[in-house]
Amino acid sequence: MGEFACEGILILVETFLLFATGFAGLVASIVLGLAKDNFAGDCLLYSEVKWCNSTAFYFTQLGASPSCSFCIGLQVCVSFYALGYGCYHVSVLCQWVGERRALVLPTIIIDVLVSLFVFIQACVLSVGFKRFCDGFVSGSSIGSKAKSCSYGGKLDWNFKGQCGGDKDPHNPYAGDNFFQFYSTAQSASWFTLLFWLVLIGITIARHLRNATMLPTHTEAQEERKSLIT
């Protein structure tokens, strides 16, 4: 009885983490989508800016749109996978369907691959945003009040004619909440990775428990003999 109770607790915790992972991934993808929409479909990741004076800056290079698209698309895909598998666990806990223990080992392999891709996505997001912010706060060296990246929410991103030199033209931007959006996406992405790693640990624990509960070869032979006789 205790074995089944422990197994049920592991499935319950795994179910909770699957839903938490799915919702965290959706948060990351939604806020990134909002940030991209506020910037007319452009991506700030890996963008480069240059300050021409203490109050005006311009883009020397806009970020590659595939960077944001990769982050959004990956989080959407793994979120639906997590939510779908979570619904399967709910069905098992409610005894609507029987548990298929043969799925545990493939799930470990899939979760490891998913964690690897989520780690890459979180790095792309964090490194890309840091690269933009490093260029943005460089204006403080010439007297700008931009001591941190969050200060960008107070600036006009659509000024024209204040800077000389070549500029990378862009459509009108709404930069009021860009820092909150990208910071939230970063946090949600790293939390998603943490949840996936915990899920791998729980799934491995379940696999090991299932292996110890399987009958030995001798026990299986004796059971078959008793059925024959």
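**Cores, rings and cysteines**

Colleague: Which residues have the most contacts inside the largest nonpolar core?

Modeller: They are Phe59, Phe132, Phe136, Trp157, Phe178 and Tyr182, in a core of 30 residues. A nonpolar core is a set of buried Ala, Val, Leu, Ile, Met, Phe, Trp, Tyr and Cys residues joined through side-chain atoms within 4.5 Å. Buried means under 20% relative accessible area, exposed over 50%, and partly exposed in between (1.4 Å probe, protein chains only).

Colleague: Which elements supply at least two residues each?

Modeller: α1 (2-38), β1 (43-51), β2 (57-63), α2 (65-93), α3 (104-137) and α4 (178-213) each do. α3 gives the most to this core, with six residues. Helices (H or I, at least four residues) and strands (E, at least two) are DSSP runs, numbered from the N terminus.

Colleague: And what does the second core include?

Modeller: Leu17, Val118, Leu199 and Ile202 are among its 15 residues, and this core is separate.

Colleague: What kind of model is this, and how are residues numbered?

Modeller: It is a predicted model: local features need pLDDT of at least 70, side-chain atom pairs count only at pLDDT 80 or more, and totals for chains, interfaces and linings use all residues. Residues are numbered from 1 along each chain as its sequence is written, and side-chain values use heavy atoms, with hydrogens and water left out.

Colleague: Back to the rings. How many aromatic pairs does the structure hold?

Modeller: It holds 26. Rings of Phe, Tyr and Trp (its six-membered ring) pair if their centres lie within 6.5 Å; planes under 30 degrees apart count as stacked, over 60 as edge-to-face and the rest as tilted. Phe132 and Phe136 form a stacked pair, 6.0 Å centre to centre with 25° between the planes.

Colleague: Where do Phe132 and Phe136 sit?

Modeller: Both are in helix α3, four residues apart, so about one helical turn separates them. Phe132 is buried at 0% relative accessible area. Phe136 also counts as buried, at 0%.

Colleague: How is Phe136 placed against Trp157?

Modeller: Their ring centres are 6.2 Å apart and the planes are at 5°, so this pair is stacked. Phe136 lies in helix α3 and Trp157 in the loop between α3 and α4, so the pair ties together parts 21 residues apart in sequence. Trp157 is buried, with 4% relative accessible area.

Colleague: New topic. How many disulfides does the count come to?

Modeller: Two, taking a disulfide as a pair of cysteine sulfur atoms within 2.5 Å. One joins Cys43 to Cys68, with 2.0 Å from S to S. Cys43 lies in strand β1 and Cys68 in helix α2, so this link ties together parts 25 residues apart in sequence. Both Cys43 and Cys68 are buried.

Colleague: Which cysteines make the other one?

Modeller: Cys133 and Cys149, at 2.2 Å from S to S. The link of Cys133 and Cys149 is left-handed, with -80° about the S-S bond, whereas that of Cys43 and Cys68 is right-handed, with 75°.

Colleague: Is Cys77 buried or exposed?

Modeller: Cys77 counts as exposed, at 55% relative accessibility.

Colleague: Last one. What is the phi of Ala40?

Modeller: Phi of Ala40 is near 55°, a positive value in a residue other than glycine. Ala40 sits in the loop between α1 and β1. Ala40 is partly exposed, at 35% relative accessible area.
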